[in-house]
Amino acid sequence: MIEINNLTFTYDTCREPALDGINLTIKEGEFVAVLGHNGSGKSTLAKHLNAILLPSGGTVYADGINTADIKRLAELRRLVGMVFQNPDNQIVASVVEEDVAFGPENLGMPSEKIRERVDYALKTVGMYEMRNMAPYNLSGGQKQRVAIAGIIAMQPRYIVFDEPTAMLDPKGRQEVMQAIKALNSEQGITTVIITHYMDEAAEAERIVVIDHGKVIIDDTPRMAFANVALLKKLGLDVPQVTELMFRLRGEGIALEYNKLTVDECAEELKKALKKQV
Ligand code: ADP
Ligand code: MG
């Protein structure tokens with residue numbers, strides 16, 4: 001479990017706090033999406049989960065480890081992995097499998113064990129066949145999956161993804177999202193994903209919306225996206241289906257608001273049309 005208690009953080013160069021009293025508990029196995037417009041504090045929050053940043057006030061615990069406890073930093077970093085936006089900044093080696101081996105090698109593991117972990121990690125993200133390639137010959141989506149494999153090889157319980165698909169084309173986005181979903185559903189890795197794609201967020205179990213360093217919404221996608229007017233005010237989009245239902249309701253058509261999929265939307269429209277006849 002990750003426990004964030006009254007977390008505040010102010011950058012040295014800023015007067016306004018980037019995080020302003022965040023309280024969140026992320027339970028084992030959860031798949032949480034974090035939304036918020038640019039500058040709302042998402043990356044600052046993510047960086048607190050594995051002690052890249054330390055709180056100005058409040059606490060962050062991951063499985064009972066206080067992130068401010070310097071003596072347990074290495075343990076914390078193995079427990080909570082981070083994947084960032086740009087795969088090019090995360091890949092260090094000139095061969096895919098060497099890159100994935102980098103983390104376990106730094107832990108001083110025996111070489112057979114490293115081999116095992118690297119193969120497992122590459123298979124998990126569907127990059128095993130390309131293990132001998134040079135990263136610069138890969139597509140963005142493939143590179144990002146290699147970066148994710150590098151994190152998996154460390155066997156973390158939690159992975160925080162900070163806009164992992166922001167630099168990818170639609171195909172790369174899909175590949176990476178598929179890999180992330182499988183990590184959560186098949187490997188049970190607790191997943192926090194920061195994204196500005198509403199379709200990605202709609203696939204999470206839980207949505208946390210941040211604005212000005214505060215949690216504004218913390219709910220299921222179905223209920224979170226029902227706050228169409230509030231989300232728009234915060235500068236966020238909603239999934240297209242939600243938008244359509246919102247506008248039709250605005251035209252006075254009686255529709256349930258909390259429909260999330262195309263199928264649900266079609267069902268609801270059929271019902272409304274039948275009533276009108
Ligand atoms: P997000 O990831 O939601 O776009 P950030 O967490 O990056 O937001 O930023 C939150 C606030 O902190 C913004 O006002 C941003 O300008 C400021 N900020 C982010 N990084 C730094 C930094 N390294 N130094 C000073 N201010 C920063
Ligand atoms: Mg960010």
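**View 1. The shell around ligand 1, by residue class.** In this predicted model, the shell around ligand 1 holds 8 polar, 3 nonpolar and 1 charged residues. Nonpolar covers Ala, Val, Leu, Ile, Met, Phe, Trp, Tyr, Cys and Pro; charged covers Asp, Glu, Lys and Arg; the others, Gly among them, are polar. Tyr-11, Thr-13, Cys-14, Ala-18, His-37, Asn-38, Gly-39, Ser-40, Gly-41, Lys-42, Ser-43 and Thr-44 surround ligand 1 (a heavy atom within 4 Å).

**View 2. Polar contacts to ligand 1.** Polar contacts are pairs of N or O atoms within 3.5 Å. Thr-44 places a polar side-chain atom 2.5 Å from a ligand 1 oxygen. Gly-39 uses a backbone N or O atom, at 2.7 Å from an oxygen of ligand 1. For Lys-42, a side-chain N or O atom is 2.8 Å from a ligand oxygen. The protein buries 60% of the 560 Å² that ligand 1 exposes when taken alone (Shrake-Rupley, 1.4 Å probe).

**View 3. The largest cavity.** The whole structure has 1 cavity of 30 Å³ or more (points on a 1 Å grid over the protein atoms alone, where a 1.4 Å probe fits but cannot get out; lining residues have an atom within 4 Å of a point). The space inside is about 50 Å³, the volume filled by probe spheres set on the points. Its lining has 10 nonpolar residues, 1 charged and no polar. α1 gives the most, 4 residues.

**Notes.** Residues are numbered from 1 along each chain as its sequence is written, and ligands from 1 in the order written. Local features need pLDDT of at least 70, side-chain atom pairs 80 or more, and side-chain values use heavy atoms, without hydrogens or water.

Note on methods: On a 1 Å grid over the protein atoms alone, a cavity is a set of points where a 1.4 Å probe fits but cannot get out, and a pocket is an open set with protein on both sides within 12 Å along at least five of seven lines; lining residues have an atom within 4 Å of a point. Helices (H or I, at least four residues) and strands (E, at least two) are DSSP runs, numbered from the N terminus. A polar contact is a pair of N or O atoms within 3.5 Å; within protein, one must be able to donate a hydrogen and the other to accept it, and residues adjacent in sequence count only if both atoms are side-chain atoms.
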